[in-house]
Amino acid sequence: MPRFHTIDDLDLDGKVVLTRVDVNVPVEDGRVTDATRIEKIVPTIKAIQAKGGIPVLMAHFGRPKGQPVEAMSLRQVLPALEAALGQPVAFAEHAIGGDAKRAVAALQPGNVLLLENTRFYPGEEANDPTFSASLAALGQVYVNDAFSAAHRAHSSTEGVARLLPAGAGLLMEAELNALNAALGEPERPVAAVVGGAKVSTKLELLGNLVEKVDHLIIGGGMANTFLLAKGVEIGKSLAEPDMADTARDILTKAAETGCQIHLPVDVVVAREFREDAPHELVPAEACPPDAMIVDAGPQTVEAIRGVFAAARTLIWNGPLGAFEIRPFDAATNAAAQAAAELTREGKLVSVAGGGDTVAALNKAGVAQDFTFISTAGGAFLEWMEGKDLPGVAALIDSKR
C-alpha cells in the first residue's frame, strides 16, 4: 500500500482540525445504547489536542436523505460523547454556514465541537464541491478517523481531504495497517474464511480472494451452493441453484491460481430451523432429502484447524453455520477458538470483519484475541473485494 499521511505528519498546533468520525451508534428513546464506536474515536481526539489542535467533529447519523430530520440529529449522541471524552463538547446546530462559523470562532485550545449531521445536506452524499468547500472553510487541517465510511466518496470523507492538509486518525491508521498486513503485504501462507448465506452477495470478494490467498475456506449457506455445483445432493438446505455455474467458475479460477478451496466434508443436518432442534451428523454428500445442512461437522473443523496451523495470516468474513442458533454454532465457535489460540501464541496474524463475523466471534468469546477486528462493514467488504476506497485514496494522494 502506498504511504498514507497520519496525525504525526501534520502541523496541528493552534489549528482547527476538521475530524471525520463515526458516531453512527444505536439510539433508543434519545439515548445511546452502545457507545463502542464513540469510545474508539477518543484516542484520536486526545492525540489532536495533545498536538495543540482543536478538534471539530464531522459525522453522519442514519439516512436523512439530504434534509434535516430531528430523530437523526447528532445532538442525541452528545451526552455519550462527553462521557467518553470526560469533558464538555460544544454543538453547532448546522454543519456549515454562519452558525457553524460562529461555533468554531468561539473555540479555545482544549475545546471540542460537534457539527450537526452532515447528511442533512444533499451536497454531502453528492460530494458537491461547493458543500465540500463550505466544510473545509471551517478548519485548517483534515483528519479522517472513520474507515467505516471510507468507501463513500462524500464531501466529509473525500471532498474535504482534497482541499486541506489531510491525514488518518489513530483508528483509521490501525485499520489500514491491519488490512495491509492481511492482504497487501501478508506473511504467507494466507488463509481466508468466507461464510454467510449467499454466494451472490460475495461474488467480487471470492473472485478477488482466489487470486490473493493460498487457502479459501467456504462455509454457511455459501458452501451449500458450492456443494450443489459439484453435484452433491443437499436436500432442503439453503442454497442458490442459479449460482451453481458461477461457483464452478470460481473453483476453476482457484485451480488456475493455486488457491486451495476447502468445503465441508461432514455436516450437521436438521429438519427444523430452531434452537436445540433434533439433528444428526452425516458426510457432506449424504444429506437426507428432507433435511437441511445447518453447520459444518467435526471432521471439517479438524481440517480447518490444520489449515490455520499451517498459515501465517488469516482473514475472516462470515460464519461457518447457523451460529445464531444453538448448537449450530459449534463449528464457528471451534474454528474461532483455534484461530484465537494460534494468534495468542504469536503464530498467526488474524484479521476479521463484517457484522455477522464480529457477532460470531463475540459469541465464541474470542474477539479480543484476534489481531484486529474491523467493525467497518461495507468498507471492510469492499477492501476485501480489492476495490479502491475513496476516503483512503484521498489520504494517500494528499501532498500538502
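In what order do the six strands of the open sheet with β5 and β1 stand, and is the pairing parallel or antiparallel? The order is β5-β6-β4-β1-β7-β8, and the pairing is parallel. Strands here are DSSP runs of E with at least two residues, helices are runs of H or I with at least four, and both are numbered from the N terminus. Two strands count as paired if DSSP finds at least two bridges between them.

Before going on, the basis. This is a predicted model, where local features need pLDDT of at least 70 and side-chain atom pairs count only at pLDDT 80 or more, while totals for chains, interfaces and linings use all residues. Residues are numbered from 1 along each chain as its sequence is written, and side-chain values use heavy atoms, with hydrogens and water left out.

Arg20 has Met58 of β4 as its bridge partner. Helix α1 (residues 36–50) packs on the sheet and touches β1, β4 and β7 (141–144), where contact means heavy atoms within 4.5 Å. The direction of α1 makes about 145 degrees with that of β4; axes are lines fitted to C-alpha atoms, for helices over the stretch in contact, and angles run from 0 to 180 degrees between N-to-C directions.

Next, the other sheet. Six strands form an open sheet with parallel pairing, in the order β11-β10-β9-β15-β16-β17. Its edges are β11 (260–262) and β17 (372–374), each with a single partner strand, so one side of each is left without a neighbour in the sheet. Here the twist averages 15 degrees from one strand to the next. β15 (residues 313–317) pairs with β16 (residues 349–353) in the parallel sense over four bridges, and Ile315 stands opposite Val351 in β16.

Now a helix pair. The axes of α11 (residues 298–310) and α12 (residues 330–344) come within 10 Å and cross at roughly 20 degrees. That makes α11 roughly parallel to α12, the class for angles under 35 degrees. Residues meeting across the pair include Phe308 in α11 and Leu342 in α12. By class, this contact has 10 nonpolar, no polar and one charged residues.

Last, domains. The assignment, automatic or from a database, gives domain 1 (16–175 + 391–397) and domain 2 (186–369). Their C-alpha centres lie 37 Å apart.

Notes. Angles under 35 degrees count as roughly parallel, over 145 as roughly antiparallel, 65 to 115 as roughly perpendicular and the rest as oblique. Ala, Val, Leu, Ile, Met, Phe, Trp, Tyr, Cys and Pro count as nonpolar, Asp, Glu, Lys and Arg as charged, and the others, Gly among them, as polar.
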